[in-house]
Amino acid sequence: MPRHDEYTDDSLFEGRIRCMQHDSGYRFSLDAVLLGNFISVRPGERILDLGCGNGIVALILAYRWPSCHLTGLEIQPDLVTLARENVMLNNWQERIGIVQGDMRQIEKSMEAGQFDWVVSNPPYRKTGTGRVNIEPEQLVARHEIMADVASVVKAAVWTLKYKGRAAFIYPAVRGAAVLYELKKQGLEPKKMQTVYSYPGSPATLLLIESVKGGGEELEILPPFYVYRAPAGEYSPEMAACYRA
């Protein structure tokens, strides 16, 4: 078993959020920042983060939407512990709860239909494809060993209220599979935004918002560029995601 006795203390929004991370294990990436800035929440709504890792998406949402209440579900015990420590580090114990559980058996961890929103930055690579991470914590977080697209969507459907919304971020190359699974299980895609590294580059990521029991109407948002140019500085839109 890996030892996680070394950490980094990172921050977002000019230090207004602190996030401890395992130095050699799973570490949050730009994906989490994009997802945390993608949705708009009504006052008092309840949000579930499926596969919350060290809790970073929940922390971003708690900062951006001060009246919302959040729950994070995570299967890896070390990350559950770390997510809970990050909640306490930011003094959000009354707004964020972290639960250990397997989204493939979501009914054992969560009651049906209790959330207004579900968000997820889930494992996104098929088992055995792409670069297989050596560190076990990263392997589970990035590859579909313990949760594939179908199980993530099923867990979202189970926990959402009728007309509740779910937002996901996936690699663009998985887009067809994700859209198919959403419609198959009754989450109607409503908004989609394609993320590019810079103008003229191939698409890298898809942000997708869906509605449980929603009608068939999909809005394609303007393209989102992370950088102004290759090896350049952040685009204004990306820089805004980090602005306090």
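Let me start in the sheet: Leu48 stands opposite Val118 in β6. Strands here, at least two residues of E, and helices, at least four of H or I, are DSSP runs numbered from the N terminus.

Before going on, a note on the source. This is a predicted model, where local features need pLDDT of at least 70, side-chain atom pairs count only at pLDDT 80 or more, and totals for chains, interfaces and linings use all residues. Residues are numbered from 1 along each chain as its sequence is written, and side-chain values use heavy atoms, with hydrogens and water left out.

Back to β3. It pairs with β6 in the parallel sense, over four bridges; two strands count as paired if DSSP finds at least two bridges between them. β3 is also joined to β4, residues 69-74, by five bridges, and these two strands run parallel as well. In that pairing, Ile47 stands opposite Leu70 of β4. Between β3 and β4 the chain passes through helix α2, residues 56-64, in a right-handed β-α-β crossover. Right-handed means that, with the strands pointing away from the viewer, the path from the first strand over the helix to the second runs clockwise.

Why is β3 described as largely enclosed by the rest of the structure? Because four of the five residues in this strand, 46-50, are buried. Buried is under 20% relative accessible area, exposed is over 50%, and partly exposed lies in between, using a 1.4 Å probe and protein chains only.

Next, a loop. Asp102 sits between β5 (96-100) and β6 (115-120), and it counts as buried at 15% relative accessibility. Its side chain makes a polar contact of 2.7 Å with that of Arg104. A polar contact is a pair of N or O atoms within 3.5 Å; within protein, one must be able to donate a hydrogen and the other to accept it, and residues adjacent in sequence count only if both atoms are side-chain atoms.

Last, the lining of the largest pocket. Which strand gives the most to it? β7 does, with three residues. β6 and β7 (160-171) each supply at least two residues of that lining.
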